[in-house]
Amino acid sequence: MDSWRYDVYVSFYSKDVVTTFLSDIQILLNDNAIIMFDDQGIKRSKTIAPALTQAIRQSRISIVVLSENYASSSRCLDELVEILKCKQEMRQIVIPVFYGVDPSDVRKQTGEFGKVFKETCLRHTEEDIQIWSQALTHVTNLGGYHSRNWDNKAAMIKKIARSVSHKLHATPSKDFDVMVGIEAHLKKIHSLLHLEDEKKAMIVGICGPAGIGKTAIARTLHDILSYSFLRFQHTCFMENLGEFRFNSGLDESGLKLQLQEQLLSKIVNQNGTDLDDLGALDERLRDKKVLIVLDDVDDLKQLKALADETSWFGPGSRIIVITQDPELLRQHGIDITYHVDLPSSEEALQILCRYAFRQSYPPSGFENLARRGTEFCGKLPLRLREVGSSLRGKNKEEWKKLLGVGNEPRGKSWRSTGMAFLVVINLLIEIAAVVSEQLSSVHKPDFARISLAMSVLSVFLSIFDLTYKIRASEARFRWKEIIGRSTDTILLFCGVGQLVLSITTCVFIERGQESPINVSVFPLFFAVGMVISKFMEKPALFEETLPITIKTQ
């Protein structure tokens with residue numbers, strides 16, 4: 001349905017909730033300009049009136065208040081069936097509220113709720129009973145709000161009202177600005193959270209370089225979990241923790257207490273919350289099932305202040321820590337982590353095109369330019385968005401000028417040619433080292449010396465090549481990431497291995513003995529691997545290739 005007459009329809013048994021729950025939530029919804037269907041003037045009967053059926057179908061959200069005597073009314077049960085039908089056919093949002101009843105009693109029709117239901121069934125057909133029973137089971141499976149889990153009923157009602165408001169104003173999943181590939185990230189993180197385990201609290205880490213989309217993923221996850229009826233009593237997204245420094249005027253204990261007060265204020269949605277000591281946060285939250293996201297954590301002290309132990313939080317709680325530093329997570333003992341990787345080439349192209357062309361693919365004639373822009377951005381989502389926005393509305397010539405096509409920075413061309421020439425030279429040197437080693441003997445010691453010299457030179461050139469790559473790429477990567485992933489690094493160690501063999505051969509021959517080592521395949525593997533790596537690895541992104549007009553932080 002493209003339009004809705006009402007925002008909210010509430011299905012309830014009037015004698016149970018009309019003077020408490022219904023009146024309170026109606027006030028909150030009205031204060032937020034949310035239109036709730038008012039059934040005043042409609043005569044309530046044992047069967048659902050056509051006007052009520054129409055109101056249900058014209059409502060965006062239905063709140064089903066399952067109280068102890070809800071099943072005593074066949075009209076209420078018929079309303080529930082109609083609501084679930086609308087959920088199935090019209091994607092209506094359904095929010096169950098278990099008001100003073102146990103969800104398991106509703107699901108199985110047992111206890112006092114089941115007793116009332118059975119009395120109602122005595123006056124109806126088996127077909128009606130089966131339909132009602134299935135509806136009660138279905139609505140219970142949706143989760144919802146359980147009043148017995150809340151010490152303060154008013155707080156629960158405020159939470160429901162916020163949930164309604166969020167769902168009415170939330171950006172739909174089909175929205176243009178949704179992060180490309182976010183569904184895959186959410187699915188993987190969801191599996192790490194083990195939400196089905198409500199017996200223990202868990203801390204999970206999300207890590208990755210700046211600008212890769214960690215915060216966007218975590219915020220979307222927070223919104224989904226906050227309003228997906230997983231029955232978190234409190235949720236909190238604590239952002240920009242990196243701006244909180246422990247080197248200000250306050251002592252460390254004072255700063256930790258300040259952080260804890262900020263966290264508690266966000267959780268209870270009340271500014272100016274004070275704590276007497278550092279143990280007070282534990283006391284306030286140990287029995288509460290909470291969802292907390294700690295964004296941009298860059299100091300171990302921040303974690304010790306806000307989530308030092310899982311025992312601080314109630315069973316079923318989930319704490320999500322976002323950081324650029326995976327070592328920080330390891331130091332805090334967080335062994336369940338999700339590393340956000342760069343998007344694929346096609347996903348990166350989609351991100352750039354969404355911001356540059358307002359569509360997911362490049363228009364005719366811009367294909368090569370768009371792919372060049374993606375390479376320039378190193379597939380980093382933040383840079384793709386900023387560069388794409390900078391290029392929006394520009395013609396091909398402007399794209400070429402901004403991306404430096406046909407106007408490469410001075411020195412780039414000869415450096416690229418020089419590095420390619422260096423690879424060829426290194427290959428020839430390696431071959432010369434192999435041949436010289438095979439020709440060396442006690443009677444031909446000069447070949448051993450030549451092999452040693454060639455091996456030393458090859459290692460030197462490999463180090464020079466790798467150093468150049470690191471210096472050229474440090475704008476995008478950390479040193480340890482380049483050293484850990486670069487194929488050239490592995491090949492460098494192979495070269496060092498060959499150097500050791502050459503030294504061993506030379507030492508034995510100088511002593512008048514034949515070398516006990518006779519290896520000729522190993523260095524050839526090294527040489528072939530070097531060539532393959534040069535063809536397979538993508539060229540490093542040089543910051544200088546981005547014109548100053550579109551460089552990003």
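Val 97 stands opposite Tyr 145 in strand E4 of this predicted model. Strands E3 (residues 93-98) and E4 pair in the parallel sense over two bridges. Helix H3 packs on the sheet, touching E1, strand E2 (59-66) and E3.

**The sheet**
- Four strands form an open sheet with parallel pairing.
- Their order is E1-E2-E3-E4.
- Strand E1 (6-11) and strand E4 (145-146) are the edge strands, and each pairs on one side only.
- The direction of H3 makes about 140° with that of E1.

**Helices H3 and H6**
- Two packed helices are described by the angle between their axes and the distance between the axes.
- The axes of H3 (residues 74-90) and H6 (residues 126-141) come within 9 Å and cross at roughly 60°.
- H3 is therefore oblique to H6.
- The crossing of H3 and H6 is left-handed.
- On the H3 side, the contact includes Ser 74, Leu 77, Asp 78 and Lys 87.
- On the H6 side, Ile 131, Trp 132 and His 138 are among the residues that meet H3.
- The residues of this contact divide into nine nonpolar, two polar and two charged.

**Confidence**
- The protein chain has a mean pLDDT of 78, and 77% of its residues reach 70 or more.
- Among the elements of the chain, strand E5 (residues 202-207) has the highest mean pLDDT, 95.
- Helix H20 (residues 479-485) has the lowest, 42.
- Over residues 171-177 pLDDT stays under 50, and the model has six contacts beyond four places in sequence for them.
- Residues 408-414 also have pLDDT below 50, with six contacts beyond near neighbours in sequence.
- Where pLDDT is low, the predicted coordinates should not be read in detail.

Terms used: Residues are numbered from 1 along each chain as its sequence is written. This is a predicted model: local features need pLDDT of at least 70, side-chain atom pairs count only at pLDDT 80 or more; totals for chains, interfaces and linings use all residues. Side-chain values use heavy atoms; hydrogens and water are left out. Axes are lines fitted to C-alpha atoms, for helices over the stretch in contact, and angles run from 0 to 180 degrees between N-to-C directions. Angles under 35 degrees count as roughly parallel, over 145 as roughly antiparallel, 65 to 115 as roughly perpendicular and the rest as oblique. A crossing is left-handed if the near helix is turned anticlockwise from the far one by less than a right angle, and right-handed if clockwise. Contact means heavy atoms within 4.5 Å. Ala, Val, Leu, Ile, Met, Phe, Trp, Tyr, Cys and Pro count as nonpolar, Asp, Glu, Lys and Arg as charged, and the others, Gly among them, as polar. pLDDT is the predictor's confidence in each residue, from 0 to 100. Two strands pair if DSSP finds at least two bridges between them.
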